[in-house]
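Try each task before you read its solution.

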Amino acid sequence: MTRSVVDGPSALAMLAEGEALLQAQQLVLRRPPAAPVTCCGRGCNGCVWEGFVDAANYWREDALALLQTCSA
């Protein structure tokens with residue numbers, strides 16, 4: 001999971017990649033965060049997509065830790 005996560009599309013791509021890696025190694029981790037459905041598209045400060053990107057990065061850290069632990 002080398003993708004840089006800086007926005008919604010990159011977060012979605014990283015989550016798909018991460019889930020595929022975990023599944024390929026038959027590892028189980030909680031479901032990744034769901035993409036927001038309430039964005040108004042006005043670029044608000046504190047947009048729901050900002051929270052989603054933060055949650056995706058947190059999930060990524062846990063997924064990487066699991067992958068590293070199980071490959072050692």
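**Exercise 1.** Work out whether Trp49 is buried, partly exposed or exposed.

*Solution.* Start with the relative accessible area of Trp49, which is 26%. Now apply the cut-offs: buried is under 20%, exposed is over 50% and partly exposed is in between, with a 1.4 Å probe and protein chains only. Trp49 is therefore partly exposed. Do likewise for Phe52: its value is 4%, so Phe52 is buried. Bear in mind that this is a predicted model, where local features need pLDDT of at least 70, side-chain atom pairs count only at pLDDT 80 or more, and totals for chains, interfaces and linings use all residues. Residues are numbered from 1 along each chain as its sequence is written, and side-chain values use heavy atoms, with hydrogens and water left out.

**Exercise 2.** Find the aromatic pair of the structure and classify it.

*Solution.* There's one such pair (Phe, Tyr or Trp rings, the six-membered one for Trp, with centres within 6.5 Å). It is formed by Trp49 and Phe52, with ring centres 5.3 Å apart and planes at 90°. Planes under 30 degrees apart count as stacked, over 60 as edge-to-face and the rest as tilted, so this pair is edge-to-face.
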